[in-house]
Amino acid sequence: DSFVSLHRVVLHPALVCTRPSTMCAPAVHAPPIEPKPSGLWFALGMLFLVLDQAFWGLPMPFVALFIWATSRAILALTGYEVPLWLVTPWDTLCCMYLRGHGVRILDADTGASTGAADGLAIPGITSFRGVLLMNHRSWGDFVVDPYQGHCAVVARFAAVAVTCFAGVLGRLCSRVIMIERGKTSRAQLLDMCRSHDRYLI
């Protein structure tokens with residue numbers, strides 16, 4: 001097995017990611033994080049985050065499940081190849097989240113930008129087997145990173161619980177490897193990860 005280390009910069013207001021076209025390129029240093037806003041703007045920002053999380057964690061997993069089932073039925077009848085965003089309902093939900101938030105991927109080497117559903121994943125990722133190392137810098141990374149790697153993600157029980165039905169959907173689709181801090185041993189984690197072609201830590 002091998003590993004991939006991705007380095008990218010998250011910018012505001014649209015979530016824009018940069019990644020090297022070669023999978024093990026030198027690190028790209030992110031700009032310094034600005035101090036948190038205070039007062040009313042901070043409260044409004046937190047309120048928006050909570051509402052956004054509730055929207056994508058409660059009703060949207062069911063919408064994604066419906067879209068996935070309908071689309072897969074159509075593909076089965078027409079014989080078209082299944083795109084990455086329709087492999088599981090979890091992939092469909094992640095893609096909807098990324099498209100809904102205007103996420104684009106900017107390759108650091110070529111400068112090419114894409115917002116296409118399959119273009120959000122790392123080129124050639126389905127032929128890769130191993131662990132992906134990614135550095136979370138924002139709440140949105142919990143969706144961006146697994147979709148880029150088209151892989152399962154190792155997550156604490158608390159993180160899965162706070163995502164509500166989205167976390168449950170990820171577990172049912174074998175896209176979330178759930179651990180409990182202080183209880184899950186390294187040997188147990190290794191056993192859980194062995195059943196996946198790719199996994200994200």
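Thr92 is buried, at a relative accessible area of 0%; buried means under 20%, exposed over 50% and partly exposed in between, with a 1.4 Å probe and protein chains only. This is a predicted model, in which local features need pLDDT of at least 70, side-chain atom pairs count only at pLDDT 80 or more, and totals for chains, interfaces and linings use all residues. Residues are numbered from 1 along each chain as its sequence is written, and side-chain values use heavy atoms, with hydrogens and water left out.

**Overall fold**

- The protein chain has 7 helices and 8 strands. Both are DSSP runs numbered from the N terminus: helices are H or I with at least four residues, strands are E with at least two.
- Of the 201 residues in the protein chain, 39% are buried.
- Among contacts with a separation of 6 or more, 63% join residues 24 or more positions apart. Contact means heavy atoms within 4.5 Å.

**Thr92**

- Thr92 sits in helix α3.
- With neighbours within four places in sequence left aside, Thr92 is in contact with Ala64, Ile67, Trp68, Trp85 and Leu86.

**Nonpolar cores**

- The largest nonpolar core has 32 residues. A nonpolar core is a set of buried Ala, Val, Leu, Ile, Met, Phe, Trp, Tyr and Cys residues joined through side-chain atoms within 4.5 Å.
- Leu93, Leu98 and Leu132 have the most contacts inside the largest core.
- Helix α3 gives the largest share of this core, 7 residues.
- The elements that each supply at least two residues of this core are α2, α3, β5 (130-134), α4, β6 and α6.
- A second, separate core has 7 residues, including Val131, Ile177, Ile179 and Tyr199.
- In soluble globular proteins, nonpolar side chains tend to be buried together.

**Aromatic pairs**

- The structure holds 3 aromatic pairs. Rings of Phe, Tyr and Trp (its six-membered ring) pair if their centres lie within 6.5 Å; planes under 30 degrees apart count as stacked, over 60 as edge-to-face and the rest as tilted.
- Trp56 and Tyr97 form an edge-to-face pair, because their ring planes are at 70°, with the centres 5.3 Å apart.
- This pair links distant parts of the chain: Trp56 is in helix α1 and Tyr97 in helix α3, 41 residues apart.
- Both Trp56 and Tyr97 are buried.
- Phe62 and Phe165 also have ring planes at 70°, with centres 5.1 Å apart, so this pair is edge-to-face.
- Phe62 in helix α2 (residues 60-78) and Phe165 in helix α6 are 103 residues apart, so the pair links distant parts of the chain.
- Phe165 is partly exposed, at 40% relative accessibility.
- Phe55, Trp56 and Tyr97 are linked into a cluster by ring pairs.

**Second largest pocket**

- The second largest pocket holds about 510 Å³ of space. On a 1 Å grid over the protein atoms alone, a pocket is an open set of points where a 1.4 Å probe fits, with protein on both sides within 12 Å along at least five of seven lines; lining residues have an atom within 4 Å of a point. Grid points are joined across faces, edges and corners, and a volume is the space filled by probe spheres set on the points.
- There are 24 lining residues, and Trp90, Phe142, Val143, Ala159 and Thr163 are the closest to the pocket centre.
- Two or more lining residues come from each of α1 (40-57), α3 (89-100), α4 (141-149), β6 (152-156), α5 (157-162), α6 (165-172) and β7 (176-179).
- By class, the lining has 18 nonpolar, 5 polar and 1 charged residues. Ala, Val, Leu, Ile, Met, Phe, Trp, Tyr, Cys and Pro count as nonpolar, Asp, Glu, Lys and Arg as charged, and the others, Gly among them, as polar.

**Loop residues**

- Most residues other than glycine have a negative phi.
- His150 has a positive phi, near 45°. His150 lies in the loop between α4 and β6 and is buried, at 5% relative accessible area.
- Ser174 has a positive phi, near 60°. Ser174 lies in the loop between α6 and β7 and is partly exposed, at 43% relative accessibility.
- Asp197 is in the loop between α7 (186-193) and β8 (198-200). Asp197 is partly exposed, at 48% relative accessible area.
- The C-alpha atoms of Asp197 and Val131 are separated by 8.4 Å, with the two residues 66 apart along the chain.
- Beyond neighbours within four places in sequence, Asp197 is in contact with Phe128, Arg129 and Gly130.
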